[in-house]
Amino acid sequence: MRNRETSERIQRLRQRFAALTPREREVFERVTAGKLNKQISAELGMAERTVKAHRANVMEKFQAESLAELVHIAAELRSAPGPSSIST
């Protein structure tokens with residue numbers, strides 16, 4: 001029963017990841033890698049305020065209440081068996 005629950009959770013997380021825009025995915029990857037908004041804005045060539053907006057959208061789409069929870073979600077997605085479009 002536990003495997004089924006885990007499998008369903010991973011499926012929901014993958015669906016949420018698929019709902020991210022390409023820019024939100026770029027921000028998600030960098031935020032969960034521990035980069036600061038300022039570093040992300042420099043890497044992606046956008047204003048820090050825009051990074052914050054994308055980050056807020058990502059948090060909302062994943063229903064994450066904290067950065068720590070978002071990092072945990074990213075780790076779950078990266079370690080889940082099967083096809084994944086999340087880079088490491």
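Predicted model: local features only at pLDDT ≥ 70, side-chain atom pairs only at ≥ 80, totals over all residues.
Residues are numbered from 1 along each chain as its sequence is written, and side-chain values use heavy atoms, with hydrogens and water left out. Local features need pLDDT of at least 70 and side-chain atom pairs count only at pLDDT 80 or more, while totals for chains, interfaces and linings use all residues.

**View 1. How helix 2 crosses helix 3.** Helix 2 spans residues 22–32 and helix 3 spans residues 37–44; helices are DSSP runs (H or I, at least four residues) numbered from the N terminus. Their axes come within 10 Å and cross at roughly 135 degrees, with axes being lines fitted to C-alpha atoms over the stretch in contact and angles running from 0 to 180 degrees between N-to-C directions. That makes helix 2 oblique to helix 3 (angles under 35 degrees count as roughly parallel, over 145 as roughly antiparallel, 65 to 115 as roughly perpendicular and the rest as oblique).

**View 2. The residues between helix 2 and helix 3.** Here Arg23, Glu26, Val27, Arg30 and Val31 of helix 2 make contact with Ile40, Glu43 and Leu44 of helix 3 (contact means heavy atoms within 4.5 Å).

**View 3. How helix 4 crosses helix 5.** The axes of helix 4 (residues 48–62) and helix 5 (residues 67–79) come within 11 Å, crossing at roughly 65 degrees. The two helices are therefore roughly perpendicular to each other.

**View 4. The residues between helix 4 and helix 5.** Look for Arg55, Val58, Met59 and Phe62 of helix 4, which meet Leu67, Leu70, Ile73 and Leu77 of helix 5.
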